[in-house]
Amino acid sequence: MNSDSLRSSFYSIGHSIFYSSAKGVFVIFALSLIFDLRVALAVDFKTYLERARAEISYHKEIIREDPLDAIAYFELGRAFLALGKHEEEVEAYREAINLNPTYISAHYNLSIAYDLLKDGPNAIKHMLRALNLSVDNRNHVRIRKVQRQIKRLYLQYPGKLIQP
């Protein structure tokens with residue numbers, strides 16, 4: 001055997017041993033990442049839920065101290081959204097709107113909450129109100145965002161046409 005063929009056979013043997021070892025290490029590494037990711041996601045979701053519950057407690061405390069704080073009701077609605085408690089979310093946004101009828105974000109979020117509850121007429125009604133308030137404020141970015149949502153709502157609830 002000449003030196004080139006010896007080197008070539010040694011390289012192929014070494015390469016095949018290295019390749020299978022590297023492949024095994026990679027598989028173990030990938031599986032450990034997936035397992036750790038699942039554990040991390042579970043822990044992160046628990047943390048998410050705990051923080052959402054803490055937000056609810058925090059905003060309820062603010063509301064107890066100042067029951068006329070529309071922003072606290074709005075933030076309470078957002079915290080209920082995080083937990084998927086849409087009925088409570090609707091009540092919080094409605095209270096924010098009762099305290100400040102021109103609160104555009106509250107009308108917008110209330111519309112989204114009604115949509116999540118499959119209440120098309122109320123969803124459209126509050127999105128139209130958000131549009132009118134956005135036009136009054138000449139908030140063009142918000143106007144386009146609300147118009148897209150109105151179009152989506154009309155497509156989703158075709159028999160529920162409400163005129164502005």
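1. Buried here means under 20% relative accessible area. On that criterion, F74 and Y93 are both buried, and so are F74 and Y103 as a pair. The model is predicted, and the points below should be read with that in mind.

2. There are 2 aromatic pairs in the structure. In one of them, the ring centres of F74 and Y93 are 5.6 Å apart and the planes meet at 45 degrees, so this pair is classed as tilted. F74 belongs to helix 2 (residues 70-83) and Y93 to helix 3 (residues 86-99).

3. Y103 sits in the loop between helix 3 and helix 4 (104-116), while F74 is in helix 2, so the contact ties together parts 29 residues apart in sequence.

4. Taken together, the ring pairs join F74, Y93 and Y103 into a cluster.

5. A separate item concerns a charge and a ring. R142 is placed over the face of Y108, at 5.6 Å from the ring centre.

6. The backbone at K118 deserves a remark. Its phi is near 65 degrees, a positive value in a residue other than glycine. K118 is located in the loop between helix 4 and helix 5 (120-137). Is K118 buried or exposed? Its relative accessibility is 59%, so K118 counts as exposed, the cut-off for that class being over 50%.

Notes: Residues are numbered from 1 along each chain as its sequence is written. This is a predicted model: local features need pLDDT of at least 70, side-chain atom pairs count only at pLDDT 80 or more; totals for chains, interfaces and linings use all residues. Side-chain values use heavy atoms; hydrogens and water are left out. Rings of Phe, Tyr and Trp (its six-membered ring) pair if their centres lie within 6.5 Å; planes under 30 degrees apart count as stacked, over 60 as edge-to-face and the rest as tilted. Helices (H or I, at least four residues) and strands (E, at least two) are DSSP runs, numbered from the N terminus. Buried means under 20% relative accessible area, exposed over 50%, partly exposed in between (1.4 Å probe, protein chains only). A charge sits over a ring if NZ of Lys or CZ of Arg is within 6 Å of the ring centre and within 35 degrees of the ring normal.
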